[in-house]
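The sequence and the structure are shown first, and the description follows.

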Amino acid sequence: MKTLEKRIERRTLLKLIAGFAGSCWLSPSLLQAAERTQIKKNIPVSNESLPVIGMGTSRTFDSAGNSQKIANLEKVLAQFFSMGGTLIDSSPMYGSAEQVIGTLLKRVEAESLFAATKVWTDGKANGVTQMELSRKLWGVERFDLMQIHNLRDWRAHLETLQAMKAEGRIRYLGITTSHGRDHDELYEVLSNHSFDFVQLSYNINSRRVEERLLPLAMDRGIAVIANRPFARGDLFRMVKDKPMPNWVDEFDCNSWAQFFLKYVVSHPALTCAIPATSKVHHMLDNMSAGFGRLPDSGMRKEMEKAFKQLSAA
Ligand SMILES: NC(=O)c1ccc[n+]([C@@H]2O[C@H](COP(=O)([O-])OP(=O)(O)OC[C@H]3O[C@@H](n4cnc5c(N)ncnc54)[C@H](OP(=O)(O)O)[C@@H]3O)[C@@H](O)[C@H]2O)c1
């Protein structure tokens, strides 16, 4: 898959610098990052480009009824869009997350939302009802991407999604899994049916998908979204108090979050990663991974070695 490095627009650049300057975490190298380029990759089926860093909402956005948390999430979301973010991933499985997204999309300037959610129920009719409820909760005219969550009743939903795509009621269809679950079945499904996107767990400490699923996605021209890019935060605990290798400057990396995200999205099969956060300064950090250079294949091997050594020490 071809990496598109596109010059960030001046307006976005200024917002980016303002965001950095307003944060409690600021370094000269981060300011330099603002002058770098936003990294995008193409969705194979359409050649539409997507920023390589999107946003997940599991747990972090399940906050309906808590006005303090919602006020904070508004800032998180505003930070995401101000740094050129587009793809937001959710699911009816994530409690009140879709309701909170809908509330906040009305409040923030969402310049170029790429709305992605999932169908997570049994039976065709239930799926149709659930997807319509999600659409109302988000307050969008249509979803850009509708995914079958964890392969649940995929045969019933695939037919519905194909019809919805043909009628222009969704733009792309996909299927998801996580943490090593159902890989054999997913391989069969992707081999025998036509999907635009697959979403799976991939991070520097969990690389099984490199063996069969990522090569298959490349062969079949399927865009890949990486969920759990931080293994739900475990990766930070594994390198706690450890300094990063000094060569990370070579790919414009300023933090462990950027190290983990740049590792994920530099795999040639990957289209984007969807880290989740409830904190504005973490959103800044994560979005910064979507700028500047990515590690090449040689550097990725060095990253794997360094992570193994540091996390074992
Ligand atoms: N089967 C599926 O379809 C499936 C399965 C799993 C996940 N997903 C999707 O993938 C998304 C991401 O996965 P995930 O939420 O499970 O886990 P994740 O993104 O790997 O990790 C989230 C954790 O990392 C922490 N974090 C985020 N940015 C950080 C930073 N810069 N520095 C330090 N800590 C940071 C967050 O805490 P703070 O809030 O403190 O930042 C949170 O505890 C989900 O939200 C969901 O949308 C889909």
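## A buried strand and its partners

Strand β7, residues 143–148, has six of its six residues buried, so the strand is largely enclosed by the rest of the structure. The model described here is a predicted one. Strand β7 pairs with β6 in the parallel sense, and four bridges connect the two. Across this pairing, Lys118 stands opposite Gln147 of β7. Together, β6, α5 and β7 form a β-α-β unit that is right-handed.

From β7 the chain passes through helix α6, residues 154–166, to reach β8, in a β-α-β crossover that is also right-handed. Strand β8 covers residues 170–176 and runs parallel to β7, to which five bridges join it. In this pairing, Met146 faces Leu173 of β8.

## The sheet as a whole

These pairings belong to an open sheet of eight strands, ordered β4-β5-β6-β7-β8-β9-β10-β11, with parallel pairing. The edges are taken by β4 (55–56) and β11 (272–273); each has a single partner strand, so one side of each lacks a neighbour in the sheet.

Further along the order, strand β9 (residues 197–201) pairs with strand β10 (residues 223–227) in the parallel sense, over five bridges. Here Ser201 stands opposite Asn227 of β10.

## The chain in numbers

How many helices and strands does the protein chain have? There are 12 helices and 11 strands. Of the 313 residues in the protein chain, 46% are buried. Among contacts with a separation of 6 or more, 80% are between residues 24 or more positions apart.

The buried residues of α3 are Leu73, Val76, Leu77, Gln79, Phe80, Phe81 and Ser82. After α3 comes Gly84, with a positive phi near 85°.

An α-helix has 3.6 residues a turn, so residues three or four places apart point the same way. In helix α4, which comprises residues 97–105, the buried positions are Ala97, Glu98, Gln99, Val100, Ile101 and Leu104. What do the buried residues of α4 pack against? Their partners are α3 (67–82), β5 (87–89), β6 (114–119) and α5 (124–138).

## Around the ligand

The shell around the ligand holds 29 residues, of which Gly56, Ser58, Ser178, Asn227 and Ala276 come nearest. By class, the shell divides into 16 polar, eight nonpolar and five charged residues. Helix α11 (residues 280–288) gives the most to this shell, contributing three residues. Asn227, one of the nearest residues, is also the residue of β10 that stands opposite Ser201.

## Met299

Met299 lies in helix α12, which runs over residues 297–312. Is Met299 buried or partly exposed? It has 18 C-beta neighbours inside 10 Å, whereas a buried residue needs 20 or more, and therefore Met299 counts as partly exposed.

Leaving aside neighbours within four places in sequence, Met299 is in contact with Glu250 and Phe251. Between Met299 and Tyr263 there are 36 residues of separation in sequence, while their C-alpha atoms are 9.2 Å apart in space.

Terms used
Residues are numbered from 1 along each chain as its sequence is written. This is a predicted model: local features need pLDDT of at least 70, side-chain atom pairs count only at pLDDT 80 or more; totals for chains, interfaces and linings use all residues. A residue is buried if 20 or more other C-beta atoms lie within 10 Å of its own, exposed if 12 or fewer, and partly exposed in between; C-beta atoms are placed from the backbone. Two residues are in contact if their C-beta atoms, placed from the backbone, lie within 7 Å. A residue is near a molecule or strand if its C-beta atom, placed from the backbone, lies within 6 Å of it. Ala, Val, Leu, Ile, Met, Phe, Trp, Tyr, Cys and Pro count as nonpolar, Asp, Glu, Lys and Arg as charged, and the others, Gly among them, as polar. Two strands pair if DSSP finds at least two bridges between them. A crossover is right-handed if, with the strands pointing away from the viewer, the path from the first strand over the helix to the second runs clockwise.
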